[in-house]
Amino acid sequence: MRTYQEELKFIEKSSPNCWHIKKGFVDNMKVDGYFYANPSLEKLMFDELKQSCNSKGFGGFLPGMKQIANVAALPGIVGRSVGLPDVHSGYGFAIGNIAAFDVSDPKAVVSPGGVGFDINCGVRLLRTNLHLKDVSSVKEQLAQCLFDHIPVGVGSKGIIPMTAQNLEEALEMGMDWSLREGYAWAEDKEHCEEYGRMLQADPSKVSSRAKKRGLPQLGTLGAGNHYAEIQVVEEIYDQYAAKKMGIEFKDQVCVMIHSGSRGMGHQVATDALVAMEKAMKRDQIDVNDRQLACAHIQSEEGQDYLKAMASAANYAWVNRSSMTFLTRQAFAKMFKTTPDDLDMHVIYDVSHNIAKVEEHFIDNKQKTLLVHRKGSTRAFPPHHPLIPVDYQLIGQPVLIGGTMGTCSYVLTGTEQGMVETFGTTCHGAGRALSRAKSRRNLDYTDVLSALEQQGISIRIASPKLVMEEAPESYKNVTDVVDTCHAANISKKCIKLRPIAVIKG
């Protein structure tokens, strides 16, 4: 085992906001690794590496830098393995790690660890025409109304009527199902990544156990870091882009919904990992870390996973659409008007945990790649054919959720991001403390009273989970966003602050 000083020989600063992990840092690296960080974020990364080198060892997962490098050793990877400023240790891939694989290379792989267990966990932002002064006097009632409308917490059950047949259709159709059933507006789809439907979805590749877990949970927020927040616009950095998104003034009220595919996505990932361990033995695929279980993209296991993952992604879009419907109902009830009159349009809906086939340039050659984004957000630049018509001049909106009680951001994609990060940027704050450490170090009553002092109304199903999601458990979201902005892989557009938080 190398000492910390020996490890440092493989790491060098390549620009003010970016570090380079050279080949040789771990065995079999096929491309270099890179990670973005400012001084306070890089300290966390190096401390983690140092801790893993000392004799006491390192608890849990491998340090983030090692995980970025191990991904760089996967068969068929092209370009670089990238860690974003919110990067932290995860299962197999670090959370905040992007990697792209050449679809035309028969050895190239797909790895469930590069998508994560909460498939298509993502964020949706709704605007309203309400001003902070319109909600100030009814904030507590509004928070309660939203909490009453959206089922939250571990094992929560949805109130959107679902049958086994409905579920099959939702898995295949995504937001087209929501539209058909009257839970979405036609224009919601336009402002959603993939238009809310991955066409390669095949529900027959989803196990009956996964479907059983998904059936009762549609239209539920879940627990952990998922939330619904009522937010107000605190700052506008790019007036033109904000106006295109329908953000006209400071203190404008918005709603942010952060959730994913719940137990169903988790089961799809678990099922795939079991199948891929067998496929690796058969196809003699070697990886540095057994958590990086994978299969050749073109193999039966690889294709089955991609079809099941697309189904789970569609489920997540239906889930967020269902909660959008419930949010619109809650606001309409509170303000005794219609969601339409409140201008409750979807600004955008982004995915954080997903693998997608995209066209990118590698060494000036256009290639078809399978891009794994885990804990990272697609951020395509202006004029990209895959972003909505009304955002063509500004680039794709990127939604960056903060931690409980801290600010969130809307960014826009850049051309530089296409060159350096496969059109990808950060997804949130990124954990700084493990969940277990957060529970040991923090007291939930302190966390709740701190939120109250900030004037934030809070509704929570399980107060004990609050410690895990306290701002102290996370990196500073402003540090993360500023690093992406300084590196020009995405640009700041709008800053939002919460006035009410709904959590599991």
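Where does UniProt place the feature "active site"? The unreviewed entry puts it at H427. UniProt positions here follow the numbering of this model, feature names are shortened, and annotations may be inferred rather than shown by experiment. The model is predicted, so local features need pLDDT of at least 70, side-chain atom pairs count only at pLDDT 80 or more, and totals for chains, interfaces and linings use all residues. Residues are numbered from 1 along each chain as its sequence is written, and side-chain values use heavy atoms, with hydrogens and water left out.

**Stop 1: H427**

Select H427, in the loop between β17 (424-425) and α14 (435-441). Helices (H or I, at least four residues) and strands (E, at least two) are DSSP runs, numbered from the N terminus. H427 has 14% relative accessibility and therefore counts as buried (under 20% relative accessible area; exposed is over 50%, partly exposed in between; 1.4 Å probe, protein chains only). Next, show D86: its side chain and that of H427 are joined by a polar contact of 2.6 Å. A polar contact is a pair of N or O atoms within 3.5 Å; within protein, one must be able to donate a hydrogen and the other to accept it, and residues adjacent in sequence count only if both atoms are side-chain atoms. Leaving aside neighbours within four places in sequence, H427 is in contact (heavy atoms within 4.5 Å) with residues including D86, I95, H352 and T377.

**Stop 2**

Now select D118, C121 and H226, where UniProt places the feature "binding site" (unreviewed entry). They span 109 residues in sequence, yet no two of their C-alpha atoms are more than 10.8 Å apart, so they gather at one spot.

D118 sits in the loop between β6 (109-110) and β7 (122-131), and C121 lies in the loop between β6 and β7. D118 is buried at 18% relative accessibility; C121 is buried at 8%.

**Stop 3: α5 and α12**

Finally, select helix α5 (residues 139-149) and helix α12 (residues 300-335), whose axes come within 9 Å and cross at roughly 140 degrees. Axes are lines fitted to C-alpha atoms, for helices over the stretch in contact, and angles run from 0 to 180 degrees between N-to-C directions. That makes α5 oblique to α12 (angles under 35 degrees count as roughly parallel, over 145 as roughly antiparallel, 65 to 115 as roughly perpendicular and the rest as oblique). To see the residues that meet, show Q141, L142, C145, L146 and H149 in α5, with L326, T327, Q329, A330, F331, K333, M334 and F335 in α12.
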